[in-house]
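Q: Hi! I'd like to go through this one with you, a bit at a time. Shall we start with the terms and then look around?

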Amino acid sequence: MRGIALFVDPTTIMFGKLILALFLGGLIGTERAVIAKQAAGTRAFGLVAMGSCLLILTSSFVDSQYLGIVNFDPMRLAAGIVTGIGFLGGGLIILRGDALHGVTTAAGLWIVTAIGIAVAYSLYSLAIFATVLTLLTFTGMWYIENRFKNWFSNYQSNVSGERRTGGEQ
């Protein structure tokens, strides 16, 4: 990675890291939603992964910018913000019967916190890109997640139908 970093804009590398984190988190979330039938699915997991990536990218950038300044750790405040937003996010999550509501909203609140921190540290392009990815996650991944759920439920119906009839249809 060191050799590539010499020829590619660091912002482009950060964008790639955000996309990778979103994709990997979304992949795990899709498994949780489709196979494990959990309420927290593609969007929630994707946003949490992307948010944590954004926070680490921000802290790495800030550390390098303020290296050598005595008794100055700008990420302490950011850590306090993340802790506080965790309590707010926990308050958004509601359990009604067997259904869990508010998980994606809580993840969205968390990623917005990370975006705000990035803006505060003048990482404007990174914050704008994370915002676009978040909006795509809320809209586009919702469609993809529902398609997977429909496909998987149809597949399970076909398999259970074959078992009842002894494989003949």
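A: Happy to. Buried means under 20% relative accessible area, exposed means over 50%, and partly exposed is in between, using a 1.4 Å probe and protein chains only. This is a predicted model, in which local features need pLDDT of at least 70 and side-chain atom pairs count only at pLDDT 80 or more, while totals for chains, interfaces and linings use all residues. Residues are numbered from 1 along each chain as its sequence is written, and side-chain values use heavy atoms, with hydrogens and water left out.

Q: Good. What share of the chain counts as buried?
A: Of its 169 residues, 34% are buried.

Q: And how many helices and strands are there?
A: The chain has six helices and two strands. Both are DSSP runs numbered from the N terminus: helices are H or I with at least four residues, strands are E with at least two. Along the sequence the pattern reads α-α-α-α-β-β-α-α.

Q: What about contacts between residues at least 6 apart in sequence: what percentage join residues at least 24 apart?
A: That comes to 66%, where contact means heavy atoms within 4.5 Å.

Q: Let's look at helix packing. At what angle do H4 and H5 pack?
A: Helix H4 (residues 75-92) and helix H5 (residues 103-120) pack at about 160 degrees, and their axes are 9 Å apart. The axes are lines fitted to C-alpha atoms, for helices over the stretch in contact, with angles running from 0 to 180 degrees between N-to-C directions.

Q: Roughly parallel or antiparallel, then?
A: H4 and H5 are therefore roughly antiparallel. For the cut-offs, under 35 degrees is roughly parallel, over 145 roughly antiparallel, 65 to 115 roughly perpendicular, and the rest oblique.

Q: Which residues meet there?
A: From H4 there are Ala78, Ile81, Val82, Ile85, Leu88, Gly89 and Leu92, which meet Thr105, Ala106, Leu109, Trp110, Thr113 and Ile117 of H5. By class, this contact has 10 nonpolar, three polar and no charged residues. Nonpolar covers Ala, Val, Leu, Ile, Met, Phe, Trp, Tyr, Cys and Pro, charged covers Asp, Glu, Lys and Arg, and the others, Gly among them, are polar.

Q: Changing topic: how many salt bridges does a search of the whole structure find?
A: Two, a salt bridge being a side-chain nitrogen of Lys or Arg within 4 Å of a carboxyl oxygen of Asp or Glu. One joins the side chains of Glu145 and Arg43, at 3.8 Å from N to O. Glu145 sits in helix H6 (residues 124-165) and Arg43 in helix H3 (residues 42-65), so that pair links distant parts of the chain, 102 residues apart.

Q: Are those two buried or exposed?
A: Both Glu145 and Arg43 are buried.

Q: Which residue forms the other bridge with Glu145?
A: Lys149 does, with the closest N and O atoms 3.6 Å apart. Lys149 and Glu145 are both in helix H6, four residues apart, or about one turn of the helix. Arg43, Glu145 and Lys149 are linked in a salt-bridge network.

Q: Why does Lys149 count as partly exposed?
A: Because its relative accessible area is 35%. Glu145 is at 6%, which makes Glu145 buried.

Q: Last stop, helix H3. What does Thr58 touch?
A: Leaving out residues up to four places away in sequence, Thr58 touches Ile117, Ala118, Tyr121 and Leu123. Thr58 is in H3 and counts as buried because its relative accessibility is 0%.
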